[in-house]
Amino acid sequence: MRGFESGPRGTRSFLLPNGLMVEKPEFSATNPEDALDEPRLMDDAGPALRIGRIAAPVLKDLGLRLVRVKISAAAGTTVQIMAERPDGTMSIDDCERASDALSPVFDAEDVMAQAYRLEVSSPGIDRPLVRESDFLRAIGHEARFEMAAPIDGRKRFRGRLDAVALGSEGPEAMVSLIADDKTETSVALPLRAMGEARLVLTDDLIRASLKREKAALKDARKASRRAANRKNSARKGALSPSGPVEGDEDGR
């Protein structure tokens, strides 16, 4: 973790967990507006709810989406902001920019009565699932689900997310529950009835995350090269003479 002082309210830091964290040499807010505005299906509670409502528009201005707010008392009070770009990635630069933007707003809004440390991070590999797009990206992987109200007498489920389908109460997660004897039972869990959902860290999930990270790094390098080429072309154009050149047909 890298940390740095933010003034009288406490310290700021940004966490760099394993996951879709990619270096991005140049930021460009090109995310589609509808992707940035996709609502969270599961809200935080208590003070975290208020902090999230303050943080969300600040992050949106940076081309980022709020994932979750977590307040803990470990080693003093810590306010953790999980955020990401709409494609699920989060760069070191994104973390730092978000921390720089959020800190003065939080101080002005007096989000905590006591001194606190602000941490900005990506959601990590075993991430919480809070939007429908999160569930769609998680298809094929194992996850834990906790429902706000019991379904068939139980609130907690763990299984493979097979699909997201439209049900009578909106989108539903189609989950295969695998018993000890390897038999499978399918259950439909309404997304809006969930209190919490999170991916389970497995070898398959780690391999898929590394594959996506490699692809994101490749795309970032391509974007960086394209930006550099555009700058070089613009620089050459600015240096090129606009009038006749000595020795040409019109400039003798």
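Which residue forms a salt bridge with Arg 207? It's Asp 204, and the closest N and O atoms of the two are 2.3 Å apart. (A salt bridge here means a side-chain nitrogen of Lys or Arg within 4 Å of a carboxyl oxygen of Asp or Glu.) By that rule, the count comes to 20 salt bridges.

Before we go on, some ground rules. This is a predicted model, where local features need pLDDT of at least 70 and side-chain atom pairs count only at pLDDT 80 or more, while totals for chains, interfaces and linings use all residues. Residues are numbered from 1 along each chain as its sequence is written, and side-chain values use heavy atoms, with hydrogens and water left out.

Back to our pair. Arg 207 and Asp 204 both sit in helix α5 (residues 203-239), three residues apart, which is about one turn of the helix. (Helices, H or I with at least four residues, and strands, E with at least two, are DSSP runs numbered from the N terminus.) Arg 207 is exposed at 51% relative accessibility, and Asp 204 is partly exposed at 48%. For these words, buried is under 20% relative accessible area, exposed is over 50%, and partly exposed is in between (1.4 Å probe, protein chains only).

Now look at Glu 38 and Arg 65, whose side chains meet in a salt bridge of 2.9 Å, N to O. Glu 38 is in the loop between α1 (33-36) and α2 (47-61) and Arg 65 is in strand β3 (residues 65-72), so this pair ties together parts 27 residues apart in sequence. Arg 65 is buried, with a relative accessible area of 2%. Both residues belong to a network of salt bridges that also links Glu 84, Arg 127, Asp 134 and Arg 137.
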